[in-house]
Amino acid sequence: MKYIESISDDVYFNLALEEYIFNNLKDDTYFMLWKNENSIVMGKHQNAYEEINIKAIEQNNIKAARRNTGGGTVFHDRGNLNYSVITDYDKNKFIDYDQFIIPVINALNSIGVKAEKRRTSDIAIDGKKISGSAQTIKGNRALHHGTLLFSADLTMLHDLLKTTEGKIESKSVKSVRSIVTNIRDHLIDTAINIDEFQKMFSDAMFSGNTEKYEINQEQIESVCELVENKYSRWEWNFGASPDFYFEKESAVAGDAIKVNLNVKKGIVTECNIRGTNLICKELEENIIGSRYSYIDTVNRLKEYSSLKGILNINYEELADCFF
């Protein structure tokens, strides 16, 4: 087994590095540990707009990323340790989560974390989730990866994964919400930081029986190309969301407003607005064809001259009607 420790805390780079290893390094089993700055990571078949508080991530410059595996949406920050296992896959044998999760649970138990399996792909402490995982196969290789909540900002996790108050209908994979907890809160020594935990965890996983693999400059350049052409692109992270229908009833400046949208590949293709004081037809035409983005919507509303004559209009409050 070869061990890789990522050189970056950028979610796009780390997902691209993982894919590069999966597609190109096939001579051995690879185990990667990585941490990201604040970011949201969705499953491949999920609708970003059902899973993420779009307004919050755009206002706070939080990156949203789509991975190559299924499963639900998770929050990453530097209090969350991610692991990836990339290994050979025998098509004649059933591959399940246990062969990857059980070694992680055993390693956690050996360092004093009373972890146990919960459901198919989760790890928990006293019934509260500390780890979720997902996997995929390609050819004769399997990729399994998971999270380990160590000292994550659980308030931010809750706020960024808060779903819209509107109604969304789409054929997407929905996340299963769980009560979560941080590993550090269950350790005897709660002063341990995540870097110390990472060292303890990796030592427990490998017992010294692994070879560290260093990514070279040529490989880094290939990973960066994958970041540029895939993982950082709006078309992959948002545009790949399944088509959906949105409906919401709100009140702005004393006016009852109802918004209905059809969104395809992240673009508003149909817009129907009902309100007393709004000139809805012009506003609908202004929204159709735009990206389904909170900040883009606010900017379009500010450019809409008919709104400027409405007393006490608040563009952000009106934009909330669309999310």
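Q: What makes E13 and E14 a pair of strands?
A: Two strands pair if at least two bridges are found between them. In this predicted model, nine bridges join E13 to E14, so the two strands count as paired. They run antiparallel. One of the bridges links Ser250 to its partner in E14, Ile257.

Q: What makes E11 a partner of E13?
A: Four bridges join strand E11 (residues 167–170) to E13, and at least two are needed, so these strands also count as a pair. Their sense is antiparallel. Glu169 has Tyr245 as its bridge partner in E13.

Q: How do you know which side chains of strand E13 are buried?
A: The cut-off for buried is under 20% relative accessible area. Along E13 (residues 244–252), Phe244, Phe246, Lys248, Ser250 and Val252 point to one face and are buried.

Q: How many residues of the protein chain are buried?
A: The chain has 323 residues, and buried ones make up 51% of them. The chain contains eleven helices and 15 strands. Its C-alpha trace spans about 70 × 40 × 35 Å along the principal axes.

Q: What makes a set of residues the largest nonpolar core here?
A: A core is made of buried nonpolar residues joined through side-chain atoms within 4.5 Å. The largest such set has 43 residues, and those with the most contacts inside it are Leu261, Ile273, Tyr292 and Phe322. Strand E14 (residues 255–264) gives the largest share of this core, four residues. Nonpolar side chains tend to be buried together in soluble globular proteins.

Q: Which residues does Ile273 contact, leaving aside its neighbours within four places in sequence?
A: Contact requires heavy atoms within 4.5 Å. The contacts of Ile273 include Ile257, Val259, Leu278, Cys280, Leu283 and Phe322, along with Lys258 and Glu284.

Q: How do you know that there is a second core?
A: A separate core of 31 residues is found. Among its residues are Tyr3, Tyr97, Phe100 and Ile101.

Q: Why are E4 and E5 called edge strands?
A: The open sheet has the order E4-E3-E5, with mixed pairing. Strand E4 (63–66) and strand E5 (74–76) each have a single partner strand, so one side of each is left without a neighbour in the sheet. The twist averages 25° from one strand to the next.

Q: What makes E3 and E4 a pair?
A: Strand E3 (residues 39–42) is joined to E4 by four bridges in the parallel sense, and since at least two are required, the strands pair. Met42 has Arg66 as its bridge partner in E4. Helix H1 (residues 11–24) packs on this sheet, touching E3 and E4, and its direction makes about 15° with that of E4.

Q: Why is a space in this structure called a cavity?
A: A cavity is space where a 1.4 Å probe fits but cannot get out. Leu15, Glu18, Glu19, Arg67, Asn68, Leu143, His145 and Tyr231 line the second largest cavity. H1 supplies the largest share of that lining, three residues.

Notes: Residues are numbered from 1 along each chain as its sequence is written. This is a predicted model: local features need pLDDT of at least 70, side-chain atom pairs count only at pLDDT 80 or more; totals for chains, interfaces and linings use all residues. Side-chain values use heavy atoms; hydrogens and water are left out. Helices (H or I, at least four residues) and strands (E, at least two) are DSSP runs, numbered from the N terminus. Axes are lines fitted to C-alpha atoms, for helices over the stretch in contact, and angles run from 0 to 180 degrees between N-to-C directions. Buried means under 20% relative accessible area, exposed over 50%, partly exposed in between (1.4 Å probe, protein chains only). On a 1 Å grid over the protein atoms alone, a cavity is a set of points where a 1.4 Å probe fits but cannot get out, and a pocket is an open set with protein on both sides within 12 Å along at least five of seven lines; lining residues have an atom within 4 Å of a point.
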